[in-house]
Amino acid sequence: MHTERSEALFARARQVMPGGVSSPVRAFKAVGGHPLFITRGEGAYVFDADGNRFIDYVGSWGPLIFGHAHSEVVAAVIEATRNGTSYGAPTEAEILLAELVIEAVPSIEMVRFVNSGTEATMSALRVARAFTRRSKIVKFSGGYHGHADMLLVAAGSGALTLGVPDSPGVPAEATAHTLVAPYNDIAAVRELFARYPDDIAAVIVEPVAGNMGCVPPVEGFLSGLRAVTQEHGALLILDEVMTGFRVAHGGAQALYGIKPDLTCLGKIVGGGLPAAAYGGRRDIMAMVAPSGPVYQAGTLSGNPLAMAAGAAQLRLLRTPGVYEQLDALAGKLCDGIGKAASENGVAVYQTRVGSMFTTFFTSGPVVDEASAKQSDTSAFATFFRAMLDQGIYLAPSQFEAGFLSLAHSEVDIERTIAAAHVAFQKVMARQE
Ligand SMILES: *Cc1c(COP(=O)(O)O)cnc(C)c1O
């Protein structure tokens, strides 16, 4: 595989942008080598600067549930662009997308559009703190909610203690009110509430964790969070930036039957353009300015191009059978990869909820960050490189979920499974 052009572009990029990228995981640091510079996407495929074609399981990290450059999404964006790119004034496009969101996710009675998932979670927490007049928040180790200071808290061994900032530049004061518990550990959350019964404003959780690899909730975890927050007058915020419109039309809350107070959306809701949202109970959302006193604003929020792209995807997602199709194809893919692993003697633990999935290089089970971290990341790196060499583009880290789109075909799945056989052989050869 020729990659000279990507290598040259990466050298240039590093001169003018930190690490040569606009977001860290893109740099391939966890798997070695250099990133590929993408020139084009079409359906299930991406093409790089050297003309290589890959079956893409990143899908822009989640948004592209119909694959790249779906004709209806592209047409909607072009149509919107002809009328100008931004006005800084209200448009009907916002109402249309808001109505589509509310139709799909019944717990959302009102919604505010923002530009990124990071903005959605930090704003939802501001509203939750204002509504409850409390300061503390609970998050889970290995849970990612964007890069706001208060949420950049390392967990690991610090579980059940006060949060310690995960990055230089975050003052300890910024995370002083952030409490951390292990994912899937409802007893730990109950302990935190016992310790701070009247101080916790909200629990924020990925209903299916997707940022330590895909880690599904265990039975009773989400319903336990719903119960304990209600008992203590705290809010439950489901961060569905990844799972919203991904694991079901109504998100993970529909799949697991949980009614949160607030929901954060991103990724799919923007159709591959920069849009995200937070929303929920009317009495809580009424606190957001200008209807209420909680300030939150954005020059490009509700951008007409992003609203058009998001609405095009959400309309397409109403098509009966799309989630069944995704589930069946993703099931076939994961079964095939699992079989390839066991036939080649590689111990893996596979997780999947609908069309999001991870193959962990550990015998498992993986239920939280500590167990995810048991994975052999160097085996993953070997697997990743071998897949890439065969034209399969996976997320360049063990701790990211893979995504299937409605553009992937049976043939794509079969080719991927065949490639996985070869890649697992390479993993074994390396261990010998
Ligand atoms: C991607 C993601 C975010 C952050 O969204 P950005 O648009 O990258 O800021 C927040 N929460 C979850 C669960 C995510 O997957």
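This is a predicted model: local features need pLDDT of at least 70, side-chain atom pairs count only at pLDDT 80 or more; totals for chains, interfaces and linings use all residues.

Me: Fine. How many cavities of 30 Å³ or more are there by this rule?
Reply: The count is 2.

Me: What volume does the largest cavity have?
Reply: About 200 Å³. Two elements, β14 (356-360) and α12 (377-389), each give two or more residues to its lining.

Me: And which element has the largest share of that lining?
Reply: That's β14, with 3 residues.

Me: How many residues line the largest cavity, and which lie nearest its centre?
Reply: The lining has 15 residues, and F357, T358, T359, F380 and L394 are the ones nearest the centre. By class, 9 are nonpolar, 5 polar and 1 charged.

Me: OK, the other one. What's the volume of the second largest cavity?
Reply: About 70 Å³. It is lined by 14 residues, with D56, G59, L64, S405 and H408 closest to the centre.

Me: How does that lining divide by class?
Reply: For the second largest cavity you get 5 nonpolar, 7 polar and 2 charged residues.

Me: Switching to the ligand. Which residues surround it?
Reply: Here's the shell: S116, G117, T118, Y144, H145, G146, E206, N211, D239, V241, M242 and K267. Sorted by class, that shell has 3 nonpolar, 6 polar and 3 charged residues.

Me: What does K267 do there, in terms of distance to a ligand oxygen?
Reply: A polar side-chain atom of K267 sits 2.6 Å from an oxygen atom of the ligand.

Me: And on the backbone side, how far is G117 from a ligand oxygen?
Reply: 2.8 Å, counted from a backbone N or O atom of G117. Y144 also comes in through a backbone N or O atom, which lies 3.3 Å from a nitrogen atom of the ligand.

Me: How much of the ligand does the protein bury?
Reply: The protein buries 82% of the 380 Å² that the ligand exposes when taken alone.

Me: Changing topic: how many salt bridges does the structure hold?
Reply: There are 11. One of them pairs R281 with D261, and the closest N and O atoms are 2.9 Å apart.

Me: What about the bond that joins G364 and P365?
Reply: That peptide bond is cis too, and omega is about 0°. You'll find P365 in the loop between β14 and α11 (369-372).

Me: Last one: is the phi of W61 positive or negative?
Reply: Positive, about 70°, although W61 is not a glycine. W61 is in the loop between β3 (53-56) and α2 (71-82).

How values were computed. Residues are numbered from 1 along each chain as its sequence is written. Side-chain values use heavy atoms; hydrogens and water are left out. On a 1 Å grid over the protein atoms alone, a cavity is a set of points where a 1.4 Å probe fits but cannot get out, and a pocket is an open set with protein on both sides within 12 Å along at least five of seven lines; lining residues have an atom within 4 Å of a point. Grid points are joined across faces, edges and corners, and a volume is the space filled by probe spheres set on the points. Helices (H or I, at least four residues) and strands (E, at least two) are DSSP runs, numbered from the N terminus. Ala, Val, Leu, Ile, Met, Phe, Trp, Tyr, Cys and Pro count as nonpolar, Asp, Glu, Lys and Arg as charged, and the others, Gly among them, as polar. A residue is near a molecule or strand if one of its heavy atoms lies within 4 Å of it. A polar contact is a pair of N or O atoms within 3.5 Å; within protein, one must be able to donate a hydrogen and the other to accept it, and residues adjacent in sequence count only if both atoms are side-chain atoms. Accessible areas come from the Shrake-Rupley method with a 1.4 Å probe; for residues, only the protein chains shown count as cover. A salt bridge is a side-chain nitrogen of Lys or Arg within 4 Å of a carboxyl oxygen of Asp or Glu.
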